[in-house]
Amino acid sequence: MRKSSFFISVAAVMALATPACAASVKAAKGNTKQMAKQMALQREVGLRSITEDAARAHVYYLADDLLEGRRAGERGSRIAKQYIISQMRQLGLKPMLGNSYEQPFEACGVQRLKRGARFFVEADSIAEIKKQVHQTLHLGNVLAVLPGKKADEMVVVGAHLDHEGMYPDLEGDKIYNGADDNASGVSAVLQIMKAFVASGVQPERTVVFAFWDGEELGLLGSRYFTQNYPHMDKVKGYLNFDMVGSGTDSPYLMYFFTASHPKFGEWLKEDVAKYKFGFETDYRSWDNPVGGSDQGSFHLKGVPIVWYHTGGQPHYNFPSDEPQTVNYPKLTDISRASYLTAWRLANEAEY
């Protein structure tokens, strides 16, 4: 073939191929847009599953007198765990670790007269404590998993399930029901869990739903998990809920997030503007979020965090922290907004 004929032939092929390639690219873009639109619709299905009735149902059950304040290691706490596990089973979620939803662990503390012991979950500390007069608590976190497309990346959504228990020597009301602290946080995680399943979408990242035991005794459950789970490097974000229903008339929400991840703040601002949620947000970008609750255990492992908290209130750590003192419209909207944040954490490529 002559050189000139060769180039004419190539040009002819290119001319024929270009429209096909362009059409293929256009179709791919169209499919991407269609998939994004469908994802958004499915996300809304999950959002609509979060209701005030469900928030009330969870809090009234978990903070009932029959659960005796859900003190870690006692009967009421075990009942709370079975309630949470029943929700997981109903949604078809599987245990995160092995065949059991519970991650058992022991915590030990030196007993000094009648003063309360300080408990530890670290193996070396336990070995030393057991050489002395000590207490041992047999506790357990509750963990379920929604597998994502990426097995090597995960997001954890968590709240502590325990509270202060019952004190028979008190005059009058003897039960620290812990409705806001932290049946409200458990309710939020249960509703987010339900919303992810209701959406019908497999997230990009695996989502773990975690309910920590022994938080009131020193973040014991989250400490144990973060110190013993061998794949903490896979955890790309942690959302923590602790007291998210305080103030029957207060719209206040403190939104703590890791300062190096400003997207966390931007996401909530966008969603508040779009959905007009019924709370007023105090955005608190935090360089070193170690105090106050279970997010500290994750921060110490280098995991970016968000912590939802509605501030101090008159019933905090009193027997009067009962279900009727919780702000259910606010709790419901916080659950909705945090579901949207968890969705982005689970699905956005970068943040």
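Which residues touch the most other members of the largest nonpolar core? In this predicted model, local features need pLDDT of at least 70 and side-chain atom pairs count only at pLDDT 80 or more, while totals for chains, interfaces and linings use all residues. Residues are numbered from 1 along each chain as its sequence is written, and side-chain values use heavy atoms, with hydrogens and water left out.

**View 1. The largest nonpolar core.** Among its 59 residues, those that touch the most other members are Val157, Phe196, Phe209, Phe211, Phe241, Tyr308 and Tyr339. A nonpolar core is a set of buried Ala, Val, Leu, Ile, Met, Phe, Trp, Tyr and Cys residues joined through side-chain atoms within 4.5 Å, where buried means under 20% relative accessible area, exposed over 50% and partly exposed in between (1.4 Å probe, protein chains only).

**View 2. Helix α9.** This helix, a DSSP run of H or I with at least four residues, numbered from the N terminus, covers residues 328-347 and reaches 28 Å from its first C-alpha to its last. Because 18 of its 20 residues are buried, α9 is largely enclosed by the rest of the structure.

**View 3. A salt bridge between Glu270 and Arg344.** The two side chains meet at 3.1 Å, N to O, in a salt bridge (a side-chain nitrogen of Lys or Arg within 4 Å of a carboxyl oxygen of Asp or Glu). The pair links distant parts of the chain, with Glu270 in helix α7 and Arg344 in helix α9, 74 residues apart. Glu270 is partly exposed at 44% relative accessible area, whereas Arg344 is buried at 14%.

Terms used
Helices (H or I, at least four residues) and strands (E, at least two) are DSSP runs, numbered from the N terminus. The expected span of a helix is 1.5 Å times one less than its number of residues.
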